[in-house]
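User: Could you walk me through this one? I'm new to reading models, so please spell out the terms as you go.

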Amino acid sequence: MKYYDVIIVGGGHAGIEAAVAAAQMGCSVAVVTMDKNAFGRMSCNPAIGGSAKGHLVHEIDALGGAMGLIADQSGIQFRTLNKSKGPAVWAGRSQNDRKIYSEVAARFVSSTQNIEIIEDSIVEALEEGKKISGIKTVKGNEIKCKSLIVCSGTFLNGLMHTGLNATKGGRYGEQPAIGLTDSLIKMGFESGRLKTGTPPRLKKETINWDILEEQPGDIPPKPFSLRTPEKDFPYLPQLSCHITYTDKTVHKILEKGFDRSPMFTGLIHGVGPRYCPSIEDKINRFADKERHQLFLEPEGLDSDLIYINGFSTSLPEEIQFEALRKIKGLEEVEMVRPGYAVEYDYFPPYQVDLTLETKLIQGLYFAGQINGTSGYEEAAGQGIVAGINAALKIQNRPEFVLKRSEAYIGVLIDDLVGKSTNEPYRMFTSRAEHRLILRQDNADRRLLKYGYEFGLTPKEMYDELKERETFISLSKDALTQQKITPSKINDYLESISSSKLDNSESLDHLTKRPEVSLTGLLKNFNNGNEIITKLALDEKTIEQVEIEIKYDGYIQRQIELIEKMEKLEDVLIPLNFNYTNLKSISTEGREKLNKVKPRSIGQASRISGVTPSDISVLLVYLRS
């Protein structure tokens, strides 16, 4: 009988991160997947990152994860979103070659030491004395393990819907996973149903590109990963995406199919993503909107398929086709494959702890869509945390929990555990109360220390970061102390429509002006200061220094708020604490606290249904 330290269920984005992290930390790992060629297969949009999601990719990379590297090696367009806004919401996004992404992911996993790939499907999880002990597979194999990480994506009892037709499957052309849900329910877990969707695929040469608005990538593009050599980047030729829109005519055609919509007729019981709705849901919910934006995105360099982002649907096939042909640029389009919705099992995430280990069964971890999330990046963020914690537990080392003030990944997991979810959870910058500190540009400064501690990032990267931290501090001091005369800077200030100086001014004070760029300022300063001369040549450090100077007041206020909140996080609650006897706490508060079993007062205060007065009572009780 085979034995592994860690078994991973599934080879999607969560499974990849969990497997690679645990294996690199020295554990023997088996990845059980139905298709060894389907690693990282992009079942929906062939893209990585985007608003808030880009932050997650940079954080995964800083921890030593794989997603950023794979995205860089398969990217066919790179853009930084929200550049017209503040740095807290800047977000990287890549359009990726679907086929190459999966090939790179498969090579990444198979080339990692300590990982064995098993083509099979799990039908039962085994436990002994509330501890995970192994699995049983469809092929009749029983495999033992210390930890099991379930990263099942949309495959648990997956059911795909197009119109009134339903087909079993977790992704187009792939079978669902049957049996594991029942096995987990027998252990005492609560399950539910969610749904997600995907749009039709269009034939590239049947689209009239000449009349569409082009959306090119950045020049030069920026990679996600700190480990991607910029001299070799980008690895692949870069392509443009294009923009078009629906209109009232399109909406009326789509409405003709509402009586055969599996969503509106009740055939789909799972709840869909509120913030990424289907086109029929958009038309129904936003009836006053005359049009909706659509993005035509290539699926790959050698692919003749185009992904129509914004047109996710499960309406009847003929309705989809009729509506598509009324969209600008698609008048002669051929639909290669209709859109569909997929309904699948998930397990409400109050059942996991902040380490992503389940509260019922030791050594059993859930990561990704099984916890109710939506998106590759959310799944990968959970995967790396679950993989790290599974390895730490096996090695009898302290657990790894990211705080809300440390990472978007910390916000994601804290939200899932404390608030749970009954609809697919998607990350937004608005969910992070400390987002000015949790920027994508400083992910390495926040998290690389953990990647180094766990052996997932090399020592030279960590040493380089420490040197840069010292240089950032020296640069800020130098800019504060160094003054510049009006005669040397007024021409530059006038050229950018900024008020001239009457007296000498420090460089840091000038940098605080919204219209002044530190790069532009340093081009006009050449008095031989060694630190400032060196800074002028270091683009990455300039960005960090400028953000910290311009937003200093806001950053300091966030730091003060974090320090205040940390006091509540430090008031720990025993995990076996029984809230039933606290009659002064509201009934709903007691129920929610017993259900979630928060680790601290801080976590308890964020649980929906737990009031400030409940927290006050709990504090008094704990202190007494």
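User: Which helices do the buried residues of H11 pack against?
Analyst: Start with who's tucked away: in H11, Ala-443, Asp-444, Arg-446, Leu-447, Leu-448, Tyr-450 and Gly-451 are buried, where buried means under 20% relative accessible area, exposed over 50% and partly exposed in between, using a 1.4 Å probe and protein chains only. Helices here are DSSP runs of H or I with at least four residues, strands are E runs of at least two, and both are numbered from the N terminus. The partners of that buried set are helix H2 (53-62), H12 and helix H17 (539-550).

User: What kind of model is this?
Analyst: Residues are numbered from 1 along each chain as its sequence is written, and side-chain values use heavy atoms, leaving out hydrogens and water. Local features need pLDDT of at least 70, side-chain atom pairs count only at pLDDT 80 or more, and totals for chains, interfaces and linings use all residues, as the model is predicted.

User: Is H11 roughly parallel or antiparallel to H12?
Analyst: The axes of H11 (residues 443-453) and H12 (residues 459-481) come within 10 Å and cross at roughly 150 degrees. Each axis is a line fitted to C-alpha atoms over the stretch in contact, and angles run from 0 to 180 degrees between N-to-C directions. Under 35 degrees is roughly parallel, over 145 roughly antiparallel, 65 to 115 roughly perpendicular and the rest oblique. That makes the two helices roughly antiparallel.

User: How many residues of the contact of H11 with H12 are charged?
Analyst: On the H11 side we have Asp-444, Arg-445, Leu-448, Lys-449 and Tyr-452, facing Lys-459, Met-461, Tyr-462, Leu-465, Arg-468, Glu-469 and Ile-472 of H12; contact means heavy atoms within 4.5 Å. Ala, Val, Leu, Ile, Met, Phe, Trp, Tyr, Cys and Pro count as nonpolar, Asp, Glu, Lys and Arg as charged, and the others, Gly among them, as polar. Sorting them gives six nonpolar, no polar and, for charged, six.

User: Is Arg-468 buried or exposed?
Analyst: Arg-468 sits in helix H12. Leaving aside neighbours within four places in sequence, Arg-468 touches Asp-444, Arg-445, Lys-540, Thr-541 and Gln-544. Its relative accessibility is 12%, so Arg-468 counts as buried.

User: How many residues apart are Phe-78 and Phe-233?
Analyst: The structure holds 11 aromatic pairs: rings of Phe, Tyr and Trp (its six-membered ring) with centres within 6.5 Å, called stacked when planes are under 30 degrees apart, edge-to-face over 60 and tilted otherwise. Phe-78 and Phe-233 make an edge-to-face pair, 4.7 Å centre to centre with 65 degrees between the planes. Phe-78 lies in strand S4 (residues 75-81) and Phe-233 in the loop between strands S14 (213-215) and S15 (241-245), so this pair links distant parts of the chain, and the gap in residues is 155.

User: What is the relative accessible area of Phe-78?
Analyst: Ring pairs join Phe-78 with Phe-233 and Tyr-235 in a cluster. Phe-233 counts as buried at 11% relative accessibility. Phe-78 is buried too, and its value is 2%.

User: How far apart are the C-alpha atoms of Leu-194 and Asp-345?
Analyst: Leu-194 belongs to strand S12 (residues 192-198), and it is buried, with a relative accessible area of 0%. Leu-194 and Asp-345 are 151 residues apart along the chain, yet the separation of their C-alpha atoms is 6.5 Å.
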